[in-house]
Amino acid sequence: MNTKPFLKWAGGKAKLVSFIEQFFPDKKRIRLIEPFSGSAALSLALEFDAYLLNDKNLDLINLFKALKQEKGGFVDYAHSFFEAENNQESRFYELRERFNASEDSLERSALFVYLNRHAFNGLCRYNNSGLFNVPFGRYKSPYFPMLEMHNFIQKSDRVALHCGDFQDVLQQAGSDDFIYCDPPYAPLTETASFTHYAQGGFNGREQQRLAELAEAGCNRGQNILISNHDIPFTRDLYRNARIETVDVQRNIAASGSSRRKVTELLAIYEPGNPNA
C-alpha cells in the first residue's frame with residue numbers, strides 16, 4: 001500500500017521517494033529501517049514486509065504509537081481539535097501551552113497533530129527547555145489528514161517503533177535490511193541551522209558519527225543510504241560512498257520570494273563498493 005505522510009515535515013521526502021528508491025539494491029524487501037523517521041515518508045510510500053521507525057523526538061514516536069494502538073478512536077480524538085474556533089491566534093497559543101504542560105500521552109499526541117497543521121509551515125521545533133515554540137501559522141482552513149492517518153493505521157501492524165539515538169537501531173540492522181537515514185541536515189550557511197526538532201540538536205560531530213557508523217555497517221554487508229545538503233562538508237564526510245544528487249525546492253523560508261532550489265546529495269553505502 002502506497003500512501004502519503006499524514007504529517008507536514010521540514011525536509012520531508014514524500015516528493016523524493018522515486019529518486020531514492022532507484023538506488024535501493026535489487027533484492028527482496030524484507031525490512032526498511034528509518035533511524036530518523038520524521039514523517040516516515042519512505043516507509044509509507046514503499047512496500048516492505050516490516051518497518052522499524054526510530055526518532056529522537058518522543059512526541060513523534062508516541063503519536064505513531066497512539067495510531068498503532070488506538071486506531072480510529074485516536075483519529076476521531078485528534079479531529080476534535082480541528083474546529084473553526086481553534087483556528088485563531090489566541091486559541092492556538094492556549095492549545096500550544098496545553099500541549100507543553102500535558103503529561104497525558106494521548107492528549108499530547110492529538111495536540112501534536114493540531115500543532116503540525118496550525119503552526120507556521122508545519123515546523124516542529126523546541127526551545128532549550130523542551131517546549132514547542134513554533135508560532136501560529138495563520139492558515140485559512142487547516143487540513144485534517146484523516147485518510148492519511150487511516151492509511152498509516154492499515155500499515156501499522158508491520159511497524160515497530162523506537163525512540164532513541166540512531167546508533168541504537170543501526171546496531172540492530174542485519175544484511176537483509178534496507179536502511180535510509182534522513183538526519184537533520186548540515187546547514188547551508190552559519191545562520192541556517194535547523195536541528196532542534198528534538199532536544200539536543202544535531203551538530204557536526206553527530207554528522208561524523210553517522211557517517212562512521214554507515215561505513216562500518218556497509219563493511220558488515222548492510223545497504224545504507226543517507227540524505228543531506230550537497231556542500232563541501234558533506235562531500236568530505238561521505239567521501240567513501242557513491243554520491244548522487246537532486247535539486248529540491250525548499251519551503252521553510254517565511255517569504256515566498258526567498259524560497260529557492262537547493263541541491264541535496266544521496267550517499268550510497270553498498271557492500272562491494274571499493275571506496276566504502
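1. Arg-158 has a relative accessible area of 28% and is therefore partly exposed; buried means under 20% relative accessible area, exposed over 50%, and partly exposed in between, with a 1.4 Å probe and protein chains only. Arg-158 makes a salt bridge with Glu-47, with 3.0 Å between the closest N and O atoms; a salt bridge is a side-chain nitrogen of Lys or Arg within 4 Å of a carboxyl oxygen of Asp or Glu. Because Glu-47 sits in the loop between α2 and β2 and Arg-158 in the loop between α7 and β3 (159-163), the pair ties together parts that are 111 residues apart in sequence. Helices (H or I, at least four residues) and strands (E, at least two) are DSSP runs, numbered from the N terminus.

2. The model is predicted: local features need pLDDT of at least 70 and side-chain atom pairs count only at pLDDT 80 or more, while totals for chains, interfaces and linings use all residues. Residues are numbered from 1 along each chain as its sequence is written, and side-chain values use heavy atoms, with hydrogens and water left out.

3. Glu-47 also forms a salt bridge with Lys-155, at 3.6 Å from N to O. This pair links distant parts of the chain, 108 residues apart: Glu-47 is in the loop between α2 (41-45) and β2 (50-55), and Lys-155 is in helix α7 (residues 146-155).

4. The structure holds 17 salt bridges. Another of these joins Arg-235 and Asp-230, whose closest N and O atoms are 2.8 Å apart. Arg-235 is partly exposed at 40% relative accessibility, and Asp-230 is partly exposed at 21%.

5. An unreviewed UniProt entry places the feature "binding site" at Trp-9, Lys-13, Asp-55 and Asp-182. UniProt positions are given in the numbering used here, feature names are shortened, and annotations may be inferred rather than shown by experiment. Of the listed positions, Trp-9 is in the segment before α1 (17-21), and Asp-55 is in strand β2.

6. Asp-55 has a relative accessible area of 1% and is therefore buried. A polar atom of the Asp-55 side chain lies 2.9 Å from the backbone nitrogen of Asn-57. A polar contact is a pair of N or O atoms within 3.5 Å; within protein, one must be able to donate a hydrogen and the other to accept it, and residues adjacent in sequence count only if both atoms are side-chain atoms.

7. The strand that carries Asp-55 is largely enclosed by the rest of the structure, because 5 of the 6 residues of β2 are buried. Strand β1 (residues 31-34) pairs with β2 in the parallel sense over 4 bridges; two strands pair if DSSP finds at least two bridges between them. Within this pairing, Leu-32 stands opposite Tyr-51, and Glu-34 has Leu-53 as its bridge partner. Strands β2 and β3 also run parallel, joined by 5 bridges, with Val-159 in β3 as the bridge partner of Tyr-51.

8. Strand β1 is also joined to strand β4 (residues 177-181), in parallel, by 3 bridges. Here Leu-32 stands opposite Phe-178. Tyr-51 in β2 is likewise opposite Leu-32.

9. The protein is divided into domain 1 (16-57 + 155-269) and domain 2 (65-147); such bounds come from an automatic or database domain assignment. The C-alpha centres of domain 1 and domain 2 lie 26 Å apart.

10. The secondary structure comes to 10 helices and 7 strands. The radius of gyration is 19 Å, close to the 19 Å that the globule rule gives for 276 residues, so the protein is as compact as a globular protein of that length. The radius of gyration is taken over C-alpha atoms, and the globule rule is 2.2 Å times the number of residues to the power 0.38. The C-alpha trace spans about 60 × 40 × 30 Å along its principal axes. Of the 276 residues, 51% count as buried.
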